[in-house]
Amino acid sequence: MFLETKQLTKQFGGLVAVNQVDFSIEKGKINAIIGPNGAGKSTFFNLISGTHSPSSGQVLYNDKDITKLPPNKIAELGVARTFQTTNLFEQSTVIDNVIVGHRLRTNSTLFDAILRTKRYKREEQRCRDKAMEVLEFVGLTQVADQLAGSITQEEKKRVAFALALATDPEVVFLDEPAAGINPEETEGLAELMNKMAARGITVCLIEHKMKMIMKLADHIMVLNYGEKIAEGTAEEIMSNQAVIEAYLGGDASA
């Protein structure tokens, strides 16, 4: 199995945010997690990426138990993550923001950086080349040298994609990638996710824009009050009575 959770649970005091969730992410596919606000979706992502430690249960990745690994080690294994709020270094250029992502694939030490050794210079060039490669992939080479604080919200979303891709991931977790952008921009990001999947990168996203999800996702899980209430294709989810009652309200056009 590529990536799966087994009985994954997270409690915050008396609140059970994620309750014994079993979920398998299909390799090379676009997977989605949906549910009402407060359903536990972002917490679930945090447990997989190592931001939170589970109260119980397991996260398995390529048959390796990664449940207790810190975020940097999980990223090194090939698991990338974006967040609801796009946090960039706004006073740095777009390319300098993206370069940070590939640094986890380098071996230079602080000593190398201070002395600007050959290894440091070689790896910095490699990081810059990788950053330009992923910026081209997400369609942002034209703003590479602009300050991150000066670009549009939609471009910032694409920078977050580029930053994740710069880590050379096998799977990318996207937390509400289309939040705060218009329908045309949403369609552009959906095309980018399809492009990622076509390159063999597995995608798993949280999103509230149901029209996009139902067109985009190969596989969907629905959470409600921290529990998995349904799982399947878009057609199966849209016709599931428990999902309709909990979330969709009979309307998947939003």
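1. A residue is called buried when its relative accessible area is under 20%, and exposed when that area is over 50%. Pro169 has a relative accessibility of 11%, so Pro169 counts as buried. The model is a predicted one, and every value in these notes is computed from it.

2. Pro169 sits in the loop that runs between H6 and strand E7 (171-175). Leaving aside neighbours within four places in sequence, Pro169 is in contact with Gly78, Ala80, Ala164 and Ile201. Leu192 is 23 residues from Pro169 in sequence, and the two are 15 Å apart in space, C-alpha to C-alpha.

3. Ala166 also belongs to the loop between H6 and E7. Its relative accessibility is 0%, and Ala166 therefore counts as buried. Not counting residues up to four places away in sequence, Ala166 touches Val98, Gly101, His102, Lys130 and Val134. Between the C-alpha atoms of Ala166 and Ile201 there are 12 Å, with 35 residues separating the two along the chain.

4. His102, one of the residues touched by Ala166, is found in helix H3 (residues 94-102). Is His102 buried or exposed? With a relative accessible area of 5%, His102 is buried. Residues up to four places away in sequence set aside, His102 touches Arg126, Cys127, Lys130, Ala166 and Asp168.

5. H3 packs against H6 at an angle of about 35 degrees, and the two axes are 7 Å apart. The crossing of H3 past H6 is right-handed. On the H3 side the contact is made by Val94, Asn97, Val98, Val100 and Gly101, and on the H6 side by Val159, Ala162 and Leu163. By class, the residues of this contact are six nonpolar, two polar and no charged.

6. H6 (residues 153-165) also packs with helix H7 (residues 183-198), at an angle of about 15 degrees and with the axes 11 Å apart. How are H6 and H7 oriented to each other? Angles under 35 degrees count as roughly parallel, and H6 and H7 are therefore roughly parallel to each other. H6 passes H7 in a right-handed crossing. From H6, the contact uses Glu154, Lys157, Arg158, Phe161 and Leu165; from H7, it uses Glu185, Gly188, Leu189, Leu192, Met193 and Met196. The contact of H6 with H7 divides into six nonpolar, one polar and four charged residues.

7. Which residues have the most contacts inside the largest nonpolar core? They are Leu135, Val138, Met193, Met196, Leu205 and Ile220, in a core of 51 residues. Another core lies apart from it and has 24 residues, among them Val18, Phe23, Phe45 and Ile66. Met193 and Met196 are also among the H7 residues that contact H6.

8. With neighbours within four places in sequence left aside, Val138 is in contact with Arg158, Phe161, Ala162, Leu165 and Leu192. Of these, Arg158, Phe161, Leu165 and Leu192 also take part in the contact of H6 with H7, while Ala162 takes part in the contact of H3 with H6.

9. Val243 has its place in helix H10 (residues 241-248). A relative accessible area of 0% means that Val243 is buried. The C-alpha atoms of Val243 and Leu205 are separated by 18 Å, and the two residues are 38 apart along the chain.

10. Helix H1 (residues 41-49) is mostly covered, with nine of its nine residues buried. These include Lys41, Ser42, Thr43 and Asn46, as well as Phe44, Phe45, Leu47 and Ile48. Phe45 is also one of the residues in the core of 24 residues. Just after H1 comes Gly50, which has a positive phi of about 90 degrees.

11. Two further residues deserve a look at their backbone angles. Gln20, in strand E2 (residues 15-25), has a positive phi of about 50 degrees although it is not a glycine. Glu176 likewise is not a glycine and has a positive phi of about 50 degrees. The place of Glu176 is in the loop between E7 and H7, and at 14% relative accessibility Glu176 counts as buried.

Note on methods
Residues are numbered from 1 along each chain as its sequence is written. This is a predicted model: local features need pLDDT of at least 70, side-chain atom pairs count only at pLDDT 80 or more; totals for chains, interfaces and linings use all residues. Side-chain values use heavy atoms; hydrogens and water are left out. Axes are lines fitted to C-alpha atoms, for helices over the stretch in contact, and angles run from 0 to 180 degrees between N-to-C directions. Helices (H or I, at least four residues) and strands (E, at least two) are DSSP runs, numbered from the N terminus. Angles under 35 degrees count as roughly parallel, over 145 as roughly antiparallel, 65 to 115 as roughly perpendicular and the rest as oblique. A crossing is left-handed if the near helix is turned anticlockwise from the far one by less than a right angle, and right-handed if clockwise. Contact means heavy atoms within 4.5 Å. Ala, Val, Leu, Ile, Met, Phe, Trp, Tyr, Cys and Pro count as nonpolar, Asp, Glu, Lys and Arg as charged, and the others, Gly among them, as polar. A nonpolar core is a set of buried Ala, Val, Leu, Ile, Met, Phe, Trp, Tyr and Cys residues joined through side-chain atoms within 4.5 Å. Buried means under 20% relative accessible area, exposed over 50%, partly exposed in between (1.4 Å probe, protein chains only).
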